[in-house]
Amino acid sequence: MNKTVSYIIFGIILILLQQIIFNNINLFGYINPLMYILFIIYYPIKNNRILFIFMSFCLGLTVDIFSDTLGLHSASCLVLAYLRPIILKISFGLAYIHQVIKFQNIGFRNRLIYLCLLYTSPSPRDATLSR
């Protein structure tokens with residue numbers, strides 16, 4: 001199967017899990033885990049960047065449609081997909097520049113920096129909390 005098609009199926013599964021399971025989990029009364037961001041985290045680096053940004057936007061738009069959040073998820077997915085190369089360069093340095101990043105071979109410290117930078121980027125929940 002084509003790798004792009006398998007990542008689209010992975011995105012659809014994440015959307016379904018987000019809507020069925022994770023939107024019903026409220027940590028501390030108002031925090032929902034955003035598992036659909038795993039699509040943006042684990043998308044291959046060497047694939048087409050324009051297609052990746054478009055698929056990230058569609059992922060966020062689909063979550064917006066189901067969650068009734070007026071474009072907040074699509075905007076945050078678009079920003080994360082656009083800033084992902086910069087975050088990868090900060091997190092992995094020369095490994096990103098030479099396109100040899102494999103998450104199995106990267107140290108825990110670099111993985112933690114990458115995940116923290118992605119998850120602490122502006123999220124749609126920040127805007128909904130200020131209402």
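Biologist: Which residues have the most contacts inside the largest nonpolar core?
Modeller: Tyr36, Phe39 and Tyr114. That core has 23 residues. Keep in mind that this is a predicted model.

Biologist: Which helices supply at least two residues of this core each?
Modeller: Helix H1 (3-20), helix H2 (38-42), helix H3 (49-67), helix H4 (72-92) and helix H6 (108-119).

Biologist: And which gives the most to this core?
Modeller: H4, with six residues.

Biologist: Step back a bit. How many helices and strands in the chain?
Modeller: Seven helices and zero strands. From the N terminus on, the elements read α-α-α-α-α-α-α.

Biologist: What share of the chain is buried?
Modeller: Buried residues are 34% of the 131 residues.

Biologist: And what share of the contacts with a separation of 6 or more is between residues 24 or more positions apart?
Modeller: That share is 61%.

Biologist: On to H1. What span should its 18 residues have?
Modeller: At 1.5 Å a residue, H1 should span 26 Å. Its end C-alpha atoms are 26 Å apart, so the two values agree.

Biologist: Which residues of H1 are buried?
Modeller: Gly11, Leu14, Ile15, Gln18 and Gln19. Looking down the axis of H1, they fall within an arc of 125 degrees, so they line one face of the helix.

Biologist: What covers them?
Modeller: The cover over the buried residues of H1 includes H2 and H3.

Biologist: How far is the C-alpha atom of Leu17 from that of Met35?
Modeller: The separation is 7.9 Å. Along the chain, Leu17 and Met35 are 18 residues apart.

Biologist: Now H3. What should its 19 residues span?
Modeller: At 1.5 Å a residue, 27 Å. The end C-alpha atoms of H3 are 27 Å apart, which agrees.

Biologist: Which residues of H3 are buried?
Modeller: Phe52, Ile53, Met55, Ser56, Leu59, Gly60, Val63 and Asp64.

Biologist: What do they pack against?
Modeller: The buried residues of H3 pack against H1, H2 and H4.

Biologist: What does Asn48 do at the start of H3?
Modeller: A side-chain oxygen of Asn48 comes to within 3.2 Å of the backbone nitrogen of Ile50.

Biologist: Where is the backbone nitrogen of Leu72 relative to the side chain of Asp64?
Modeller: The backbone nitrogen of Leu72 lies 3.5 Å from a polar atom of the Asp64 side chain.

Biologist: What follows H3?
Modeller: Asp68 does, with a positive phi near 60 degrees. Asp68 is in the loop between H3 and H4.

Biologist: Is Asp68 buried or exposed?
Modeller: Exposed. The relative accessible area of Asp68 is 65%.

Biologist: And Leu70, where does it lie?
Modeller: Leu70 lies in the loop between H3 and H4. Phi of Leu70 is positive, near 60 degrees, and the residue is not glycine.

Biologist: Is Leu70 buried or exposed?
Modeller: Leu70 is exposed, because its relative accessibility is 74%.

Biologist: Switching to cysteines. How many disulfides?
Modeller: The count is zero disulfides. The cut-off applied is cysteine sulfur atoms within 2.5 Å.

Biologist: What about Cys58, how accessible?
Modeller: Cys58 has 29% relative accessibility, so it counts as partly exposed.

Biologist: And Cys77, buried or exposed?
Modeller: Buried. Cys77 has 1% relative accessibility.

Note on methods: Residues are numbered from 1 along each chain as its sequence is written. This is a predicted model: local features need pLDDT of at least 70, side-chain atom pairs count only at pLDDT 80 or more; totals for chains, interfaces and linings use all residues. Side-chain values use heavy atoms; hydrogens and water are left out. A nonpolar core is a set of buried Ala, Val, Leu, Ile, Met, Phe, Trp, Tyr and Cys residues joined through side-chain atoms within 4.5 Å. Buried means under 20% relative accessible area, exposed over 50%, partly exposed in between (1.4 Å probe, protein chains only). Helices (H or I, at least four residues) and strands (E, at least two) are DSSP runs, numbered from the N terminus. The expected span of a helix is 1.5 Å times one less than its number of residues. The arc is that of the directions from the helix axis to the C-beta atoms. Contact means heavy atoms within 4.5 Å. A polar contact is a pair of N or O atoms within 3.5 Å; within protein, one must be able to donate a hydrogen and the other to accept it, and residues adjacent in sequence count only if both atoms are side-chain atoms.
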